[in-house]
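Biologist: Hi! Could you walk me through this structure, starting wherever you like?

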Amino acid sequence: MNRIILSLTALILITSCNPLKQINTTYQTAESNYSSQSYETAYNNYTSLIQLYKGKGMDIPNEIYLKAAECASKLGNTSDASGLFQDAMKDSLSVLAVKGYINSLKKEQNYTDVVKVLSDKQDFLTENGEEAYLQLEKFEVAIAQNDTKEILATYSDIDTLSESQTLAVITAMQESDNDKGAMNLANKTLKTNPKFYDVKEWKAVYHYKFAEKWYKSEMDKYNKDKNYTAYVYLKRELKKISANYRVSKDLFEELHKVYPSETKYIKYLKNTYLRLELDKQAEAMDKLLK
């Protein structure tokens, strides 16, 4: 009996002292947990594996860094994910490692470092056929940083803009006093994507505010000097102003059909109906607000 116990003890000691067997066992466990999407356990396995390699003075396979980083990212541990992706890049620069590192930095909202990585790795990404990715990331970082100048400098490199991206470009154009360009882009977008409701709302609000500003300006002029000539001029201008109100009305009516309980659309419609002297419609909107 004592001999059996001694043999088992010796076997355990031999196994624990065999670094390759210990590493292989931990690796197999990590891979099994990774495959079954048990990312927390897999992450702990991979980090233990990294420490085993380091403790034995052995080179750490790049795959281990990448999978440990991916697990950390899925767990929301962006700080550790960033560090592991950096380790992977130091060991062997790859597109997967660079993209993973950039995504981790974006999750941390560390856009300053994202810009630096994109600049430092620009040639590498381009040489590896990732030019489209590079341009898209620059554009998205510009949006995240609300960098009007950079948004306008990069958006034309993007093949297809999403609704939020389109709205960011429109806003940047407007902030750069290019209302005409903003409206052209909105009109072009709505022709091909009529369900881009945020863009539709922007256009509706633009026409409403444009009409309101013009209307108040003309009324102020008339009220300062009421005479027949001024009245004739006012009536002529009001016809032009009404055209903007009608555009706004049509768009808000579309939006109201899609989002019937949205209060802001109801309020805009009520005010627009009043300006167009559509009293019954205005009254109907007023009832919805009560």
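**A buried valine and its surroundings**

Modeller: Let's start with Val-199, which counts as buried because its relative accessibility is 0%. Keep in mind as we go that this is a predicted model.

Biologist: Where does Val-199 sit?

Modeller: Val-199 is part of helix H13.

Biologist: And which residues does Val-199 touch, leaving out those up to four places away in sequence?

Modeller: Its contacts are Glu-163, Thr-166, Leu-167, Ile-170, Ala-186 and Leu-190.

Biologist: How far is Val-199 from Phe-124 in space?

Modeller: From C-alpha to C-alpha they are 36 Å apart, and in sequence 75 residues separate them.

Biologist: Let's move to the nonpolar cores. How many residues does the largest one have?

Modeller: The largest nonpolar core has 39 residues. Those with the most contacts inside it are Tyr-46, Leu-49, Ile-50, Cys-71, Leu-84, Val-98 and Ile-102.

Biologist: Which helices each supply at least two residues of this core?

Modeller: They are H2 (19-35), H3 (39-55), H4 (62-74), H5 (78-91), H6 (95-107), H7 (111-120), H8 (122-127) and H9 (131-144). Helix H3 gives the largest share of this core, with eight residues.

Biologist: You listed Val-98 there. What does Val-98 touch, again leaving out residues up to four places away in sequence?

Modeller: Val-98 is in contact with Met-89, Leu-93, Val-117, Lys-121, Phe-124 and Leu-125. Apart from this core lies another one, of 18 residues, and our Val-199 is among them, along with Ala-172, Leu-185 and Leu-190.

Biologist: New topic: charges! How many salt bridges does the count come to?

Modeller: The count comes to 17 salt bridges. One of them joins Glu-212 to Lys-216, where the closest N and O atoms are 3.9 Å apart. That pair falls within the 4 Å cut-off for a salt bridge.

Biologist: How are Glu-212 and Lys-216 placed along their helix?

Modeller: They are four residues apart in helix H13 (residues 197-224), so about one helical turn separates them.

Biologist: Is Glu-212 buried or exposed?

Modeller: Glu-212 counts as buried, because its relative accessibility is 11%.

Biologist: Can you show me another pair?

Modeller: Glu-253 forms a salt bridge with Lys-249, and their closest N and O atoms are 3.5 Å apart. These two are four residues apart in helix H14, so they too are separated by about one helical turn. Here Lys-249 counts as buried at 13% relative accessibility, while Glu-253 is partly exposed at 25%.

Biologist: And what about Glu-237: which residue does it form a salt bridge with?

Modeller: With Arg-236, the closest N and O atoms being 3.7 Å apart. Glu-237 counts as buried at 5% relative accessibility, whereas Arg-236 is partly exposed at 47%.

Biologist: You mentioned H14. How far apart are its end C-alpha atoms?

Modeller: They are 45 Å apart. Helix H14 has 31 residues (228-258), and at 1.5 Å a residue it should span 45 Å, so the two values agree.

Biologist: Nice. What caps the N-terminal end of H14?

Modeller: Asn-227 does: one of its side-chain oxygens lies 3.1 Å from the backbone nitrogen of Thr-229.

Biologist: Great, thanks for the tour!

Note on methods
Residues are numbered from 1 along each chain as its sequence is written. This is a predicted model: local features need pLDDT of at least 70, side-chain atom pairs count only at pLDDT 80 or more; totals for chains, interfaces and linings use all residues. Side-chain values use heavy atoms; hydrogens and water are left out. The expected span of a helix is 1.5 Å times one less than its number of residues. A polar contact is a pair of N or O atoms within 3.5 Å; within protein, one must be able to donate a hydrogen and the other to accept it, and residues adjacent in sequence count only if both atoms are side-chain atoms. A salt bridge is a side-chain nitrogen of Lys or Arg within 4 Å of a carboxyl oxygen of Asp or Glu. Buried means under 20% relative accessible area, exposed over 50%, partly exposed in between (1.4 Å probe, protein chains only). Contact means heavy atoms within 4.5 Å. A nonpolar core is a set of buried Ala, Val, Leu, Ile, Met, Phe, Trp, Tyr and Cys residues joined through side-chain atoms within 4.5 Å.
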